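Please read the following report alongside the sequence and the 3D view.

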Amino acid sequence: MNGIHVTSEIGKLKKVCLHRPGDELLNLPPDELERLLFDDVPYLEVAQQEHDRFAEILREQGVEVLYLEKLVAEAFAANPGARDEFLDQYLAEAGIHGQKMPAIVREYLNTFTDDLEFVKKTMAGVAKSEIDMPLASSATLDDLVSDHSDKQSDLIIDPMPNLYFTRDPFACVGNGVNLNRMYSVTRNRETLYGKYIFKYHPDYKGTPLWFRRDAPFHTEGGDVLNLTRTDLAVGISQRTQAAAIDLMAQNIFWKTEGCEIEKIFAFDIPASRAFMHLDTVFTQIDVDKFTIHPAIMGTLRVYEMTKGAVEGEVDIKEHTDSLEKILEYATGVDGIKLIPCGGGDPIAAAREQWNDGSNTLCVEPGTICVYQRNNVTNEVLYKEGLNLLVVPSAELSRGRGGPRCMSMPFQREDL
Ligand SMILES: NC(=O)NCCC[C@H](N)C(=O)O
């Protein structure tokens with residue numbers, strides 16, 4: 001079966017999209033980490049080994065692993081002209097300075113004749129040292145001086161170091177996709193790859209879009225949880241604006257066809273880097289179990305959005321029940337259990353949540369990928385009867401994302 005089909009967080013995973021970390025991590029300037037949303041410089045070779053193990057674990061479970069970079073290359077191969085169209089847009093969004101430089105960079109990128117190498121190069125970024133700078137007499141000062149932030153940079157085009165978090169640039173919902181406008185300039189460029197997959201890839205072209213990258217408000221896939229075929233949870237977070245969820249609801253309820261979502265639950269979580277997305281504090285791991293960071297419990301507000309009676313209207317009501325009760329209502333399952341990250345100890349919870357202890361990828365009900373380093377949380381999950389697939393995480397975790405962040409399910413079996 002081709003196309004997208006995701007109607008839950010836990011139905012048996014059939015196909016998943018990953019990105020193997022590449023040279024983009026070698027172009028991470030240590031003094032630009034904050035702007036590029038990274039917390040450290042990972043050791044690429046080990047990050048790749050860890051990521052390969054993650055992919056192997058998924059294959060051992062019968063999951064077909066797709067790679068983002070390969071899908072984009074296949075989309076180009078299938079459509080003459082798609083690569084040039086992509087390159088125009090990529091260059092326009094790359095933050096290149098100067099009058100001559102865009103043409104020079106275009107020529108340089110076109111020397112990567114193999115589509116896969118070309119795609120990887122666009123992900124890695126371009127350093128000044130890689131190309132012949134224009135002669136001073138034919139260039140403008142802006143061509144010669146590249147200042148991405150407020151300081152001089154050795155890079156003409158920034159890398160996209162967060163690409164291995166395939167969860168965020170787009171989100172599969174039912175048989176369609178939210179193609180996101182992301183919170184930060186640095187990550188928003190990532191959404192171009194999804195655009196070309198859903199426009200041109202033989203297996204995915206024509207996928208309906210419930211959200212578009214030219215939207216005026218930002219949202220990210222880490223905030224989107226498919227609770228059931230008809231119920232979606234979306235975090236209001238640092239990365240997803242309430243207005244973006246309003247727009248999503250309009251599109252899903254009124255402006256597009258084919259989406260089966262009837263209720264959207266908006267979870268208002270604190271807007272901080274530690275919490276970042278809904279899936280950093282809350283993921284489903286079994287039919288009746290979720291992991292949760294205990295720190296959100298006191299402040300969490302949940303709103304339910306449904307299609308209004310009048311064209312274009314969306315009804316909104318706030319839920320005042322406990323989170324367990326709201327989830328029982330949303331999933332139709334009794335006796336929902338919330339398992340706190342760090343076993344409830346506040347120090348372990350904060351430490352392990354920082355390293356994505358609550359960010360699990362469910363492969364089938366009760367079977368989840370977890371980071372090895374979160375041993376307190378993992379012990380609790382183990383005692384709760386979960387089957388843990390343990391992913392090595394010394395280097396991958398430096399990007400502040402766990403197994404759910406590093407994966408975008410394309411197909412799951414229905415529950
Ligand atoms: N869904 C997620 O929580 N993704 C993790 C994204 C981490 C990345 N460094 C970021 O700040 O966007």
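## Nonpolar cores

Val72, Val173, Val177, Met248 and Ile264 touch the most other members of the largest nonpolar core, which holds 98 residues; such a core is a set of buried Ala, Val, Leu, Ile, Met, Phe, Trp, Tyr and Cys residues joined through C-beta atoms within 7 Å. Helix α9 (residues 242-255) gives the most to this core, with 7 residues, helices (H or I, at least four residues) and strands (E, at least two) being DSSP runs numbered from the N terminus. Because domain 1 (13-69 + 161-412) and domain 2 (95-157) both give residues to this core, it lies between them. Apart from it lies another core, of 6 residues, including Leu36, Phe38, Ala47 and Leu396.

This is a predicted model, in which local features need pLDDT of at least 70 and side-chain atom pairs count only at pLDDT 80 or more, whereas totals for chains, interfaces and linings use all residues. Residues are numbered from 1 along each chain as its sequence is written.

## Two domains

The protein chain is divided into domain 1 (13-69 + 161-412) and domain 2 (95-157), with bounds that come from an automatic or database domain assignment. Their C-alpha centres lie 33 Å apart, and the contact takes 8 residues from domain 1 and 9 residues from domain 2, where contact requires C-beta atoms, placed from the backbone, within 7 Å. On the side of domain 1 that touches domain 2, the residues divide into 1 nonpolar, 2 polar and 5 charged; Ala, Val, Leu, Ile, Met, Phe, Trp, Tyr, Cys and Pro count as nonpolar, Asp, Glu, Lys and Arg as charged, and the others, Gly among them, as polar.

## Helix α5

Helix α5 (residues 115-124) is mostly covered, since 7 of its 10 residues are buried, that is, have 20 or more other C-beta atoms within 10 Å of their own. Among the buried residues are Phe118, Lys120, Lys121 and Met123, and what covers the buried residues of α5 includes α2 (68-78), α3 (82-93) and α4 (101-109). Just after α5, Gly125 takes a positive phi of about 90 degrees.

Cys405 sits in the loop between β18 (387-391) and β19 (408-412), and counts as buried because it has 26 C-beta neighbours inside 10 Å. Not counting residues up to four places away in sequence, Cys405 touches Phe165, Arg167, Gly222, Asp279 and Asn359.

How values were computed. A residue is buried if 20 or more other C-beta atoms lie within 10 Å of its own, exposed if 12 or fewer, and partly exposed in between; C-beta atoms are placed from the backbone. Two residues are in contact if their C-beta atoms, placed from the backbone, lie within 7 Å.
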